[in-house]
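Hi there,

Here is the structure I promised to pass on to you. Have a look at it first, and then read on for my notes.

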Amino acid sequence: MTTDEKTEAHPVEFELNGRRIRLQVDPRTLLADVVRHEAGLTGLKIACEQGVCGSCTVLEDGRPIRSCITLAVQVDGSSIETIESIAGHSADLHPIQESFQREHGLQCGFCTPGMVLTAKALLAENPDPSEQEIREYLSGNVCRCTGYVGIVASVRDAARCTRSARTSTVGTEGEGV
Amino acid sequence: MTCNTARPPLLRPDWSSDVVKPPRFRYVRPTTLDEALDLRADEDIESVILAGGQSLIPMMNFRLARPELVIDIGGIKELRAISRTTDALVVGAGTRQADALIAPEVASGAPLFIQALRHVGHVAIRNRGTVGGSIAHADPAAELPVALLALDGSVVAQDRSGRRTVRATELFETAFTTSLRSTEILVEVHAPVEPRAQVSFVEISRRHGDFALVSAAVSTTVDDGRFSSVRIALGGVAHVPVRCEAAEQLALEGGPTADHIREVARAAAAGIDPSDDFHATAAYRRQVTAVLVERAITDTCGVLTEVA
């Protein structure tokens with residue numbers, strides 16, 4: 001039995017791509033819809049709406065989560081990062097995005113924001129993942145176009161670039177992973 | 001490659017919330033367990049507990065779940081504690097699956113949970129999903145209920161009248177239904193620590209991270225070349241996880257040899273009565289049960305088997 005009357009809006013406050021936002025939302029509002037409609041950040045895609053495809057992935061405190069099965073009110077106090085934020089101020093693309101470009105990690109691009117964010121979290125945790133570890137970590141992100149080979153190659157390339165950027169004695173402009 | 005489209009303003013005031021998918025509900029986010037228990041105590045209101053939401057919210061998106069009141073326990077820190085005594089591992093029900101996966105207490109106290117957790121969903125699911133939530137949700141294909149049963153573990157349920165321990169064998173009533181009362185909240189998950197037991201969790205699913213078609217969780221202890229303790233739990237073969245009692249008894253009659261293990265696995269498969277369904281036939285589940293039980297027991301003993 002649900003109530004038909006309008007429910008009370010519930011306050012929620014969280015950080016979105018480094019900016020503090022404060023909203024009053026119907027509690028049933030999904031985080032994915034807040035990001036897309038309230039914040040206008042449409043890099044996040046909504047496809048399955050049940051958490052299995054990964055196209056809605058955002059990072060909550062650095063960890064990948066499914067925004068389509070997270071209520072906005074549940075991330076009160078958290079720091080949410082979407083694909084729009086990962087390139088540094090001085091760069092057009094984040095190094096992982098550059099790797100995806102070089103290694104053909106995308107075709108239509110629908111799964112790509114989720115893939116890139118998940119890869120970002122992987123490389124923060126494990127800077128030198130094996131192919132099996134990459135496939136395992138990304139196994140929650142579905143791609144209908146590429147067959148995953150280019151995606152795995154992109155993540156390996158990103159890992160390699162990040163490691164060499166870290167060990168390089170020459171300072172780099174790009175932000176850390 | 002800069003994006004030249006003008007950035008929209010951060011907040012769009014004209015967007016309406018009426019187009020979202022879950023049906024309307026009232027929402028509360030208590031900060032303490034006591035507050036949550038008070039809210040849960042009102043039996044006139046149909047409330048559900050929201051922990052990680054990785055099972056509940058998909059159901060609400062599909063409008064299969066239409067609660068009146070959602071009690072979000074995600075902010076209750078006291079439900080996230082993990083502790084170990086010599087005899088038991090205690091995992092707070094609100095512990096994120098990802099956190100349990102890397103907790104040293106869980107690795108040492110109940111390594112079977114670690115093995116099971118690796119098969120639960122995907123990274124993103126485990127980052128929000130909780131140990132208690134998965135058990136309370138009691139999906140017949142879920143991994144943690146099977147592991148809990150194989151460990152002969154229990155949960156602690158609490159309401160305003162107090163706490164009570166419910167053994168895994170008495171917890172799962174049917175698909176998506178536990179014996180917990182509507183006033184109760186599952187607050188802790190307990191597993192007895194058995195340092196000499198070897199454990200294994202295996203499952204078969206169409207893709208890694210999918211719900212299991214069949215899963216097997218096994219705990220064995222060997223003394224003087226014979227099995228002194230064996231527990232075999234299966235998931236996906238009934239509406240609830242099941243223990244293979246006949247196969248367990250049979251196991252105790254012998255030791256960790258390839259032939260005996262195969263016999264035990266066959267007995268486990270013979271003792272179940274799965275149904276045909278959309279995902280697999282009963283015959284398939286029976287066949288796979290024998291394979292998985294053999295594999296799991298073999299894993300626990302390190303016995304070399306012939307390739308069939």
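Let me begin with chain B, where an open sheet of five strands runs in the order E4-E5-E10-E6-E7 with antiparallel pairing. Strand E4 (82–84) and strand E7 (162–167) of chain B form the edges; each has a single partner strand, so one side of each is left without a neighbour in the sheet. On average, and ignoring direction, neighbouring strands here are turned by 20° against each other. Please keep in mind throughout that this is a predicted model.

If you want a residue to start from, Arg84(B) has Leu89(B) of E5(B) as its bridge partner. A helix also packs on this sheet: helix H1 (residues 33–41) of chain B touches strand E6 (154–159) and strand E10 (185–192) of chain B. The direction of that helix makes about 120° with that of E10(B).

Chain B has another open sheet, this one of three strands in the order E1-E3-E2, and here the pairing is parallel. Strand E1 (26–28) and strand E2 (47–50) of chain B are its edge strands, each pairing on one side only. Neighbouring strands in this sheet are turned by 25° against each other on average, again with direction ignored. E1(B) and strand E3 (residues 69–72) of chain B run parallel and are joined by three bridges; within E3(B), Leu69(B) is the bridge partner of Arg26(B).

Still in chain B, have a look at strand E11 (residues 198–204), which is mostly covered, with five of its seven residues buried. Seven bridges join E11(B) to strand E12 (residues 214–223) of chain B, and the two run antiparallel. Val199(B), for example, has Ser219(B) in E12(B) as its bridge partner.

Is Ser215(B) buried or exposed? This serine, which lies in strand E12 of chain B, has a relative accessible area of 0%; since buried means under 20%, Ser215(B) counts as buried. Leaving aside residues up to four places away in sequence, Ser215(B) touches Val146(B), Phe201(B), Val202(B), Glu203(B), Ala233(B), Leu234(B), Gly235(B) and Leu292(B).

Now to chain A. Helix H1 (residues 31–38) of chain A is mostly covered, six of its eight residues being buried. Those buried in H1(A) are Leu31(A), Ala32(A), Asp33(A), Val34(A), Val35(A) and Glu38(A). They pack against strand E1 (10–16), strand E2 (19–25), strand E3 (57–60), strand E4 (63–66) and strand E5 (79–81) of chain A. After H1(A) comes Gly40(A), with a positive phi near 70°.

The last item is a helix pair. Helix H2 (residues 95–102) and helix H3 (residues 112–125) of chain A pack at an angle of about 125°, and their axes are 10 Å apart. That angle makes H2(A) oblique to H3(A), and the crossing is right-handed. From H2(A), the contact is made by Ile96(A), Gln97(A) and Phe100(A); H3(A) contributes Thr112(A), Met115(A), Val116(A), Ala119(A), Lys120(A) and Leu123(A).

Methods. Residues numbered from 1 in each chain as written. Chains lettered and ligands numbered in written order. Predicted model: local features only at pLDDT ≥ 70, side-chain atom pairs only at ≥ 80, totals over all residues. Heavy atoms only, no water. Axes fitted to C-alpha atoms, helices over the stretch in contact; angles between N-to-C directions. Helix = DSSP H or I, 4+ residues; strand = E, 2+ residues; numbered from the N terminus. Parallel < 35°, antiparallel > 145°, perpendicular 65-115°, else oblique. Left-handed = near helix turned anticlockwise from the far one by under 90°. Contact = heavy atoms within 4.5 Å. Pairing = 2+ DSSP bridges. Buried < 20%, exposed > 50% of the residue type's maximum accessible area, 1.4 Å probe, protein only.
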